[in-house]
Amino acid sequence: MSETTTGASYAAAGVDIEAGDRAVELMKEWVRKTKRPEVLGGLGGFAGLFDASALKRYERPLLASATDGVGTKVDLARQMGVYDTIGRDLVGMVVDDLVVCGAEPLFMTDYICVGKVHPERVAAIVKGIAEGCVLAGCALVGGETAEHPGLLGEDDFDVAGAGTGVVEADRLLGADRIRTGDAVIAMASSGLHSNGYSLVRHVVFDRAGWSLEREVAEFGRTLGEELLEPTRIYSLDCLALTRTTEVHAFSHITGGGLAANLARVIPDGLHATVDRSTWTPGAVFDVIGTAGRVERLELEKTLNMGVGMMAVVPAESADAALTTLADRGVEAWIAGEITERADHSTGAALTGDYAS
């Protein structure tokens with residue numbers, strides 16, 4: 001019987017259920033490492049379960065929710081054949097949005113979409129997600145792996161995730177807490193994190209014509225290794241800060257850059273000034289800017305410029321905040337202050353020139 005007269009099947013359409021089942025078995029080991037006491041059951045159910053009675057210790061618990069992906073950084077992981085770090089990027093993008101309001105991340109779910117299920121590859125992605133959850137102190141309670149033959153190439157994939165956290169209502173952080181004279185503390189990024197990779201890819205591939213294997217002296221490693229550096233996860237560091245000193249607000253520096261993200265937590269009538277001279281951006285920012293002849297303002301509204309998270313604290317709490325972060329191995333510094341807003345000013349602005 002010819003192929004055209006053989007009955008249709010899911011496998012013939014390009015979906016391998018057995019490969020998907022094997023991927024689930026391979027990832028279970030990593031998911032178990034993220035388990036919190038409140039998690040019920042294991043991987044494989046239709047829904048992840050979290051014992052909400054743990055929230056009884058809160059007077060008025062507010063649930064926080066966030067969802068995100070990692071953008072075109074996944075294409076670099078695909079090109080390099082490195083799949084066990086991109087999951088940490090995913091977790092960082094989700095949980096550090098949760099912690100901005102002071103919420104403790106409780107659990108995450110993930111969605112992995114592939115052109116063809118390669119079980120070991122999917123398991124490597126989940127390994128990275130699980131490692132990120134451990135760093136964030138949250139559980140990975142479930143997810144979905146979808147095979148989309150015909151829509152994606154066999155080696156193509158994308159990842160997304162959603163997270164839930166909780167914060168006591170009277171400890172909710174945000175713009176209403178910020179006051180004139182507050183200090184703005186910057187926390188160093190691990191590199192590009194997971195933003196602006198469309199610009200980065202355009203610069204290094206289209207403009208400069210570089211390969212991912214190119215050794216870059218400024219990095220002390222290959223271009224690909226630098227670009228795949230995982231996003232730093234700040235959630236436990238930020239939560240520690242709220243326990244040891246007064247914090248008014250956090251700002252997660254993601255798409256849109258430092259000034260635009262900081263402005264999101266600045267109330268009407270106040271202005272945040274951040275002094276560039278308080279830090280030197282990592283080499284990757286200068287290399288991208290130079291290779292693509294990217295103007296500084298374009299870089300700053302696209303990339304994090306070496307700052308992944310900012311905290312706004314009372315001026316008298318700044319030293320204690322820096323001590324807490326230093327004890328946790330987080331490079332941090334006072335980068336600016338909160339002042340009254342002039343009629344012509346925006347919510348936040350960068351001033352001066354970067355330290356050399």
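The paragraphs below follow a helix pair, the salt bridges and the cysteines of this predicted model.

Helix α2 (residues 73-80) packs against helix α5 (residues 197-207) at an angle of about 50°, with the axes 9 Å apart, and the two helices are therefore oblique to each other. On the α2 side the contact is made by Lys73, Asp75, Leu76 and Gln79, and on the α5 side by Tyr197, Arg201 and Phe205; these residues divide into three nonpolar, one polar and three charged. Asp75 and Arg201 also belong, with Arg78 and Asp156, to a network of salt bridges.

The structure holds 14 salt bridges, including one between aspartate 155 and arginine 121, with an N to O distance of 3.0 Å. This pair links distant parts of the chain, since aspartate 155 sits in the loop between β5 (139-147) and β6 (157-168) and arginine 121 in helix α4 (residues 119-136), 34 residues apart.

Arginine 328 and aspartate 237 form another salt bridge, their closest N and O atoms being 2.7 Å apart. Arginine 328 lies in the loop between α11 (318-327) and β13 (332-340) and aspartate 237 in helix α7 (residues 235-244), so the pair ties together parts that are 91 residues apart in sequence. Arginine 328 is partly exposed, at 37% relative accessible area, whereas aspartate 237, at 8%, counts as buried. In the salt bridge of arginine 276 with glutamate 300, both residues are buried.

A search of the whole structure finds zero disulfides. The sulfur of cysteine 133 is 3.8 Å from the closest cysteine sulfur, that of cysteine 138, which is too far for a bond, given that a disulfide requires sulfur atoms within 2.5 Å. Cysteine 133 counts as buried, at 0% relative accessibility.

Terms used
Residues numbered from 1 in each chain as written. Predicted model: local features only at pLDDT ≥ 70, side-chain atom pairs only at ≥ 80, totals over all residues. Heavy atoms only, no water. Axes fitted to C-alpha atoms, helices over the stretch in contact; angles between N-to-C directions. Helix = DSSP H or I, 4+ residues; strand = E, 2+ residues; numbered from the N terminus. Parallel < 35°, antiparallel > 145°, perpendicular 65-115°, else oblique. Contact = heavy atoms within 4.5 Å. Nonpolar A, V, L, I, M, F, W, Y, C, P; charged D, E, K, R; others polar. Buried < 20%, exposed > 50% of the residue type's maximum accessible area, 1.4 Å probe, protein only. Salt bridge = Lys/Arg side-chain N within 4 Å of Asp/Glu carboxyl O.
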